[in-house]
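I opened a new page for this model. My plan was to look up a few places and write down what turned up.

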Amino acid sequence: MTLTLLPDLGDLLRLHPQYNGGTVVEIIRHLGAAQSERAEVLWATDLDPDHPLRDALPAARIGIREGFTADWAWAEAEHGQLQGFLNQYPQGRERLREAAGAEREFAALVTTPMNAAQMIGAEVLDAAHAYHVATRAALDEGPGTHWREKRLLELAAKLSGQSGVVIAPLDDLPGLLDLLPGSHLPDLTGFAPGETSRLRALADRAWQLHEDDDLNALLAALDRETGDAVTPGAELSAAAAGIHLAVGDLKAARELLERAAHALTDDVPRSLTGLTLARLGQVRDAQGDRDLATRTYRAVLALNHAPAIAIATADAGLKEPFSLNLEG
């Protein structure tokens with residue numbers, strides 16, 4: 001029984017052009033774990049229902065086997081209580097500053113664009129280990145570390161005796177490698193990101209606009225692509241619509257969103273329908289088509305699954321018509 005530990009970055013997967021949801025799919029295929037109709041990975045990471053891999057993996061026909069993680073919201077609550085307590089005292093505030101400094105240092109590293117080999121390289125894993133050592137030294141094991149040792153021990157016990165590819169948080173990898181004899185990091189010899197990774201990077205970038213972006217270049221890049229299973233054409237159209245909306249071109253935004261909506265099928269990533277319809281509702285509202293906008297918002301709320309941001313957008317749109325504000 002062997003386990004291959006594949007690092008997860010949660011929402012940060014959307015920031016890395018060479019290590020995103022599409023890249024993870026390609027790595028799993030590279031490892032030979034997605035060559036059968038029943039391909040699956042073991043899910044040992046974030047329980048967030050809007051995690052980017054909960055779109056990418058099923059879209060690529062890679063199953064997610066649950067049951068290895070538990071709801072640790074109570075540990076988060078205890079951590080918050082400890083922070084409140086320590087903030088009342090000068091020595092406590094100093095300990096919190098030390099822990100925050102360690103977190104900032106590690107965050108600066110993992111938000112720097114890296115490829116897959118760098119993600120599992122010694123520099124990153126050593127930094128993850130150092131981050132947890134520093135946090136434990138500042139706040140002690142327990143509430144101060146979100147009960148990390150207890151969580152890792154429970155996770156290792158559940159994974160013991162299993163085999164296959166495990167999706168686990170990047171900063172948990174050093175601890176899991178120590179606790180799980182026979183576990184190892186993926187062999188990425190000969191691996192290079194391909195089209196699935198490239199398309200995913202393009203869409204991720206288009207959803208996150210910056211002031212200095214060349215919008216025409218982004219639109220041209222989106223228009224050249226037809227998409228694939230992980231990043232279908234409907235998403236590329238919806239992302240392009242977001243760019244038009246950002247500059248106030250409601251007509252083009254609506255045309256693209258309606259094109260995307262008509263292209264939605266049961267096979268698209270599950271978040272896409274909610275995101276597309278929520279944005280379409282806003283555009284229809286901004287054009288004064290309140291009745292159709294309201295029906296679009298209600299369609300979002302009727303979905304079996306919609307991302308939290310889509311639900312919030314639909315709820316807000318039902319309460320008050322959306323209006324486009326391009327100032328600030």
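**Ground rules.** I call a residue buried under 20% relative accessible area, exposed over 50%, and partly exposed in between (1.4 Å probe, protein chains only). The model is predicted, so I noted that local features need pLDDT of at least 70, side-chain atom pairs count only at pLDDT 80 or more, and totals for chains, interfaces and linings use all residues. Residues are numbered from 1 along each chain as its sequence is written, and side-chain values use heavy atoms, with hydrogens and water left out.

**Entry: Thr 23.** I started with Thr 23, which counts as buried because its relative accessibility is 0%. I found Thr 23 in helix α1 (residues 21–30). Helices (H or I, at least four residues) and strands (E, at least two) are DSSP runs, numbered from the N terminus. Which residues is Thr 23 in contact with, leaving aside its neighbours within four places in sequence? I listed Pro 17, Gln 18, Phe 191 and Ser 197. Contact here means heavy atoms within 4.5 Å. The side chains of Thr 23 and Ser 197 are also joined by a polar contact of 2.6 Å. For that term I used a pair of N or O atoms within 3.5 Å; within protein, one must be able to donate a hydrogen and the other to accept it, and residues adjacent in sequence count only if both atoms are side-chain atoms.

**Entry: nonpolar cores.** A nonpolar core is a set of buried Ala, Val, Leu, Ile, Met, Phe, Trp, Tyr and Cys residues joined through side-chain atoms within 4.5 Å. The largest one has 47 residues. Those with the most contacts inside it are Tyr 19, Val 24, Leu 57, Leu 159 and Leu 170. I followed Val 24 and set aside its neighbours within four places in sequence. Val 24 is in contact with Leu 6, Leu 13, Tyr 19, Leu 53, Leu 57 and Ile 167. Another core, of 33 residues, lies apart from the largest one. Among its members are Ala 221, Ala 241, Leu 250 and Leu 280.

**Entry: helix α10.** Next I took α10 (residues 215–224), where Leu 218, Leu 219, Ala 221 and Leu 222 are buried. Seen down the axis, the buried residues of α10 fall within an arc of 160°, so they line one face of the helix. I took the arc from the directions from the helix axis to the C-beta atoms. The buried residues of α10 pack against α9 and α11. The face turned away carries exposed Asn 216, Asp 223 and Arg 224. At the start of α10, a side-chain oxygen of Asp 214 comes within 3.3 Å of the backbone nitrogen of Asn 216.

**Entry: helix α14.** I checked the length of α14 (residues 290–301) next. At 1.5 Å a residue, its 12 residues should span 16 Å, and the end C-alpha atoms are 17 Å apart, which agrees. The expected span is 1.5 Å times one less than the number of residues. Buried in α14 are Ala 293, Thr 294, Thr 296, Tyr 297 and Val 300. These cover an arc of only 160° around the axis, which puts them on the same side of α14. Asp 291 and Arg 298 are exposed on the other side. What covers the buried residues includes α13 (270–286) and α15 (308–319).

**Entry: salt bridges.** How many salt bridges does a search of the whole structure find? I noted 19. A salt bridge is a side-chain nitrogen of Lys or Arg within 4 Å of a carboxyl oxygen of Asp or Glu.

- Glu 66 and Arg 54 meet at 2.8 Å, N to O. Glu 66 lies in the loop between β3 (63–65) and α3 (73–86) and Arg 54 in helix α2 (residues 53–59), so the pair ties together parts that are 12 residues apart in sequence. Glu 66 counts as partly exposed at 41%, and Arg 54 as buried at 13%.
- Glu 235 and Arg 200 meet at 2.7 Å, N to O. Glu 235 lies in helix α11 (residues 233–246) and Arg 200 in helix α9 (residues 195–207), so the pair ties together parts that are 35 residues apart in sequence. Glu 235 and Arg 200 are both buried.
- Glu 258 and Arg 284 meet at 3.2 Å, N to O. Glu 258 is in helix α12 (residues 250–263) and Arg 284 in helix α13, 26 residues apart. A network of salt bridges links Arg 254, Glu 258, Arg 284 and Asp 289.
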